[in-house]
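Take a look at the sequence and the structure below. The paragraphs that follow walk through them one part at a time.

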Amino acid sequence: MKTRITELFGIQHPIIQGGMHFVGLAELAAAVSNAGGLGTITGLTQRSPADLANEIARCHDMTDKPFAVNLTFLPTVSSPDYPGYIKAIIEGGVKHVETAGRSPEKYMPALKDAGIKVIHKCTSVRHALKAQSIGCDAVSVDGFECGGHPGEDDIPNMILLPRAADELEIPFVASGGMADARSLVAAMALGAEGMNMGTRFIATQEAPVHDNVKQAIVAASELDTRLVMRPLRNTERVLNNAAVERIIEKEQRLGKDLQFSDIIDEVAGVYPRIMQEGDMEVGAWSCGMVAGLIHDVPTCEQLISGIMRDAEQLIRQRLAGFL
Ligand SMILES: Cc1cc2nc3c(=O)[nH]c(=O)nc-3n(C[C@H](O)[C@H](O)[C@H](O)COP(=O)(O)O)c2cc1C
């Protein structure tokens, strides 16, 4: 399949693995890229620019295909050393960056001067247009279904993708709720030129996370995610568990008075314990509604080649058959 996204990133298939905290390590990024998609290392999971440089080198050892680094611009007071991370990306010879969170505007000159292609992930048409206006090469349009931070507009992809198609000139991929060939073909019918997957890629053989995490996704249905932190305007879609129920109880009890400090035990620093140690009740972790479509733990190669094979069949047989 050839789209502006495959051309832009020099990849075989229009499938991207989005940055994921404590999941997007070199093993997963390399496996996705080796399978013909675009794998992504999550920059901020690495504690320092030097650690990111090391992770990039590990990924180069595992693949000679293009891969990306995710830079998430957080609404925090003490900002991470973004210039240092960008230097590690440039010096590591990485040519693609996925930005997310706040606008990457401040860092665009450094990225563009280094010839890096930037895909900005955002949850609204207005933010996608802003990304286009500041020189991003593509956007990842993240619908309300998505695992992680869906923003505060709550527009699902059935509306968001065609709205983006109507407004944007740069190419975009559909993100949020994408799992299989049906997702890809539907997203492309709605105007996208590829898809970005998060949750689906966690339940793969190569994802470097504890097996409990993969099994939790396989066991979950589309009814099992919850939105937390809405009162803080930092909404996150997570898989329900004991910690999430505690957060929701506090949100209901404290209402507008809720402070981040009230839920810090359930959300801060919990990722290593969940992703690496498999302690599934210890805190809130991002997971998409798409868990309801995930029933197995294939290799990235099996997943991606299966999607592309089924997508071709869907287009040539099922859809063409209706004409
Ligand atoms: C466990 C997990 C961690 C994530 N961490 C990040 C992150 O650090 N930065 C980011 O930009 N997106 C992050 N995301 C969002 C994904 O990159 C992607 O946009 C999202 O998962 C797409 O929705 P889906 O899960 O329905 O495929 C995360 C998602 C998950 C499931």
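**A walk through the model**

Start at the ligand. In this predicted model, 29 residues surround the ligand. The closest are Gly-18, Ala-100, Gly-147, Gly-198 and Gly-288. Which elements give two or more residues to this shell? They are strand 3 (67-73), strand 8 (195-197) and helix 9 (199-202). Sorted by class, the shell holds 16 polar, 9 nonpolar and 4 charged residues.

Now turn to the sheet. Strands of a sheet pair through backbone hydrogen bonds, either parallel or antiparallel.

Strand 4 (residues 96-101) and strand 5 (residues 117-122) run parallel and are joined by 4 bridges. Thr-99 has His-120 in strand 5 as its bridge partner. Strand 6 (residues 138-142) also runs parallel to strand 7, again with 4 bridges. In that pair, Val-139 stands opposite Phe-172 of strand 7.

Stay with strand 7 (residues 172-175) for a moment. Are its faces covered or open? Both are covered. Phe-172 and Ala-174 are buried on one side. Val-173 and Ser-175 are buried on the other.

Next come the helices. Two packed helices are described by the angle between their axes and the distance between the axes. Take helix 2 (26-34) and helix 3 (residues 49-62). Their axes come within 9 Å and cross at roughly 35 degrees. The crossing is right-handed. Helix 2 brings Ala-26, Ala-29 and Ala-30 to the contact. Helix 3 brings Glu-55, Arg-58, Cys-59 and Met-62. By class, this contact has 5 nonpolar and 2 charged residues, and no polar ones.

A second pair is helix 6 (residues 125-133) and helix 7 (residues 157-167). Their axes come within 10 Å and cross at roughly 35 degrees. Helix 6 passes helix 7 in a right-handed crossing. From helix 6, the contact takes Val-125, Ala-128 and Leu-129. From helix 7, it takes Arg-163, Ala-164 and Glu-167. The residues of this contact divide into 4 nonpolar and 2 charged, with no polar ones.

Finish in the loops. Most residues other than glycine have a negative phi, and most peptide bonds are trans. Phe-22 has a positive phi of about 60 degrees, although it is not a glycine. Where is Phe-22 found? Phe-22 sits in the loop between strand 1 (15-17) and helix 2. Phe-22 counts as partly exposed because it has 19 C-beta neighbours inside 10 Å.

Arg-233 is another residue with a positive phi, near 55 degrees. Arg-233 lies in the loop that runs between strand 9 (225-228) and strand 10 (236-239). Why does Arg-233 count as exposed? Arg-233 has 9 C-beta neighbours inside 10 Å, so it falls in the exposed class.

How values were computed. Residues numbered from 1 in each chain as written. Predicted model: local features only at pLDDT ≥ 70, side-chain atom pairs only at ≥ 80, totals over all residues. Buried ≥ 20, exposed ≤ 12 C-beta atoms within 10 Å, placed from the backbone. Near = placed C-beta within 6 Å. Nonpolar A, V, L, I, M, F, W, Y, C, P; charged D, E, K, R; others polar. Axes fitted to C-alpha atoms, helices over the stretch in contact; angles between N-to-C directions. Left-handed = near helix turned anticlockwise from the far one by under 90°. Contact = placed C-beta atoms within 7 Å. Pairing = 2+ DSSP bridges.
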